[in-house]
Amino acid sequence: MQGRTADFIFMLILGAVPMTAAAYLLGLPVLSTSLMSFLIYVWCNTNTNAQLRLFFIPFNIPARYFPWALMLFHGLMGGSFLPDIVGIVAGHIYYFTVFYYPREYGKVLIRTPTLLQNWFPPQQMSTSGYALNMNNTRASAQAQQPQQQQPMGHRWGTGRRLGI
């Protein structure tokens, strides 16, 4: 999903609809925990082979069970299970309609609107290691442009040394 901003925004919109309805019906004043649970549930179901750790627990938890372990942790810390359940249910609805159903039955139920795809076109992202190598990126971009008089950037001057 890297570089697909339109799909991510549409996922947030589709998740916000059932979470807002549930918050209204259940009287939840804040949906931040539900949104977090929604995103974690979708990520964990699309990356089922991942092994995750929950804070300082010394063993790995399979990604499939991580949203439930996080909900249990919130409950043990004195919080309510309800916001986590709302997020997990919204995440399940999204995952089922966008990933599971098309894979199992071959029919796409929901597509990202072309309006969002036009506003946020897919981007090609290339990374090597941990971060982008900005020098190589600039060099390749300059090599693709026709050779013209390139501005040298800002000429800030030498300035004044402080303390002398």
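**Entry 1: aromatic rings**

I began with the rings and found that Phe38, Tyr94, Tyr95 and Phe99 form one aromatic cluster. I took rings of Phe, Tyr and Trp (its six-membered ring) to pair if their centres lie within 6.5 Å, with planes under 30 degrees apart counted as stacked, over 60 as edge-to-face and the rest as tilted. I note here that this is a predicted model, in which local features need pLDDT of at least 70 and side-chain atom pairs count only at pLDDT 80 or more, whereas totals for chains, interfaces and linings use all residues. Residues are numbered from 1 along each chain as its sequence is written, and side-chain values use heavy atoms, with hydrogens and water left out.

By the ring rule I count six aromatic pairs. One of them is the edge-to-face pair of Phe38 and Tyr94, with 6.0 Å centre to centre and 70° between the planes. This pair links distant parts of the chain, since Phe38 belongs to helix 2 (residues 32-46) and Tyr94 to helix 4 (residues 82-105), 56 residues apart. I used DSSP runs for the secondary structure, helices being H or I of at least four residues and strands E of at least two, numbered from the N terminus.

Are Phe38 and Tyr94 buried or exposed? I called a residue buried under 20% relative accessible area, exposed over 50% and partly exposed in between (1.4 Å probe, protein chains only). Phe38 counts as buried because its relative accessibility is 0%, and Tyr94 counts as buried at 6%. I then turned to Phe96 and Tyr101, whose ring centres are 6.0 Å apart and whose planes stand at 55°, so the pair is tilted. Phe96 is partly exposed at 32% relative accessibility, and Tyr101 is partly exposed too, with a relative accessible area of 23%.

**Entry 2: the whole chain**

I next looked up the overall layout, and the protein comes to six helices and two strands, which follow the pattern α-α-β-β-α-α-α-α along the sequence. Of the 164 residues in the protein, 25% are buried. I took contact to mean heavy atoms within 4.5 Å. Among contacts with a separation of 6 or more, 55% are between residues 24 or more positions apart.

**Entry 3: helix 4 and its partners**

How do the axes of helix 2 and helix 4 cross? I used lines fitted to C-alpha atoms, for helices over the stretch in contact, with angles from 0 to 180 degrees between N-to-C directions. The two axes come within 7 Å and cross at roughly 40°, which makes helix 2 oblique to helix 4. For that word I counted angles under 35 degrees as roughly parallel, over 145 as roughly antiparallel, 65 to 115 as roughly perpendicular and the rest as oblique. On the helix 2 side the contact includes Phe38, Tyr41 and Val42, and on the helix 4 side it includes Ala90, Tyr94, Tyr95 and Phe99. By class, this contact has 10 nonpolar, eight polar and one charged residues. In these classes Ala, Val, Leu, Ile, Met, Phe, Trp, Tyr, Cys and Pro are nonpolar, Asp, Glu, Lys and Arg are charged, and the others, Gly among them, are polar.

I then compared the partner on helix 1 (residues 5-26), whose axis comes within 9 Å of that of helix 4 and crosses it at roughly 135°; helix 1 and helix 4 are therefore oblique to each other. The contact of helix 1 with helix 4 has 10 nonpolar, two polar and one charged residues.

**Entry 4: helix 3**

I list Phe66, Pro67, Ala69, Leu70 and Met71 as the buried residues of helix 3 (residues 66-76). Their cover includes helix 2, strand 1 (51-52), strand 2 (61-62) and helix 4. After helix 3 comes Gly78, whose phi is positive, near 100°.

**Entry 5: two isoleucines**

Where does Ile110 sit, and what does Ile110 touch? I placed Ile110 in the loop between helix 4 and helix 5 (114-119), and at 31% relative accessibility it counts as partly exposed. Not counting residues up to four places away in sequence, Ile110 touches Phe10, Leu14 and Thr97.

Ile9 lies in helix 1 and is partly exposed, with a relative accessible area of 25%. Leaving aside neighbours within four places in sequence, Ile9 is in contact with Leu116 and Phe120.
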